[in-house]
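Dear colleague,

Please find the structure below, handed over for your work. My findings follow it.

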Amino acid sequence: MVALTAGISVAAGVVFSPAGRRRGRGPDAFRCSASSAGERQALFSRIAPVYDLLNDVLSLGQHRTWKRICVSWSRVKMGDRVLDLCCGSGDLAFLLSQKVGLDGEVMAVDFSRQQLQTAADRQEQRWKLCYKNIKWIEGDALDLPFTDCYFDAVTVGYGLRNVVNKSKAMREIYRVLKPGSRASILDFNKSSSLFTASLQSWAIDNVVVPLASGYGLTEEYKYLKSSIAQYLTGEELEKLAKEAGFCAAKHYELGGGLMGNLVATR
């Protein structure tokens, strides 16, 4: 089993000492502290073993296309240092790794230790030489352990919706990005179209939850519907990014309006 690299260990927590990063505070230093964040952390740890399988089945494999689009819109290139925030089991991190190559770096941050271990195991099973550039980091989206203007790009895949304080998370993304760089944020779309919203709701109730129940995860996937209802519309996400300091922000609908991707330029 792959250990989380460069002093970033599942067992020991996160301790940063290299230049360009904040010094760590010992085991579990960067975990979310709010109780609701802790509940979400536990939820994603429970679904980690079947997370990738359910993504494939529920989206008919389309999530892979949406994730490639997300990475492409970040404009990441060879040699870049990039952050994949709320990295989950690593899909975006693996795509970013191939884009930046061995001269680049991918910092993959998530608050779920189990998701990170799943990602590290996948790294070992799907080994490519470029994957050496990935570091798996247990961390908090509201208190990123990196200095200002540290990254050439930031991606977030299905993560911002689950962050307790979205405004603070967006400010942190802005802070760690270099001027002129992009954040590309993929998630479910909170559609203003009654038809699309109704279709999305029906699919969760009649497809997603029943399928998840076969894995004993009924309550965990019921959470999906309420999290989308509490999320932001495309216009609200654009406003959130601009309030955080981004000079430009545009939200694009994908998958017939069921998904959306915010592109924000610092």
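How many bridges join strand β8 to strand β9, and in which orientation do the strands run? Seven bridges join β8 (residues 248-254) to β9 (residues 259-265), and the two strands run antiparallel. Leu254 has Met259 in β9 as its bridge partner. Four residues lie between the strands of this hairpin, where Gly255 takes a positive phi near 55 degrees.

Please note that this is a predicted model. The mean pLDDT of the protein is 83, with 77% of its residues reaching 70 or more. Over residues 5-35, however, the pLDDT is below 50, although this stretch has 72 contacts in the model beyond near neighbours in sequence. Where pLDDT is low, the predicted coordinates should not be read in detail.

Turning to the helices, the axes of α7 (residues 194-213) and α8 (residues 218-229) come within 8 Å and cross at roughly 160 degrees. Angles over 145 degrees count as roughly antiparallel, and α7 and α8 are therefore roughly antiparallel to each other. The crossing in which α7 passes α8 is right-handed. Residues making the contact include Ile204, Val208 and Ala212 of α7, and Tyr221, Leu224 and Ile228 of α8.

One further residue may be of interest. Ile137 is located in strand β5 (residues 134-138). Because its relative accessible area is 0%, and buried means under 20%, Ile137 is classed as buried. Arg113 is 24 residues apart from Ile137 along the chain, and the C-alpha atoms of the two are separated by 8.8 Å.

Yours sincerely

Notes:
Residues are numbered from 1 along each chain as its sequence is written. This is a predicted model: local features need pLDDT of at least 70, side-chain atom pairs count only at pLDDT 80 or more; totals for chains, interfaces and linings use all residues. Side-chain values use heavy atoms; hydrogens and water are left out. Buried means under 20% relative accessible area, exposed over 50%, partly exposed in between (1.4 Å probe, protein chains only). pLDDT is the predictor's confidence in each residue, from 0 to 100. Contact means heavy atoms within 4.5 Å. Two strands pair if DSSP finds at least two bridges between them. Axes are lines fitted to C-alpha atoms, for helices over the stretch in contact, and angles run from 0 to 180 degrees between N-to-C directions. Angles under 35 degrees count as roughly parallel, over 145 as roughly antiparallel, 65 to 115 as roughly perpendicular and the rest as oblique. A crossing is left-handed if the near helix is turned anticlockwise from the far one by less than a right angle, and right-handed if clockwise.
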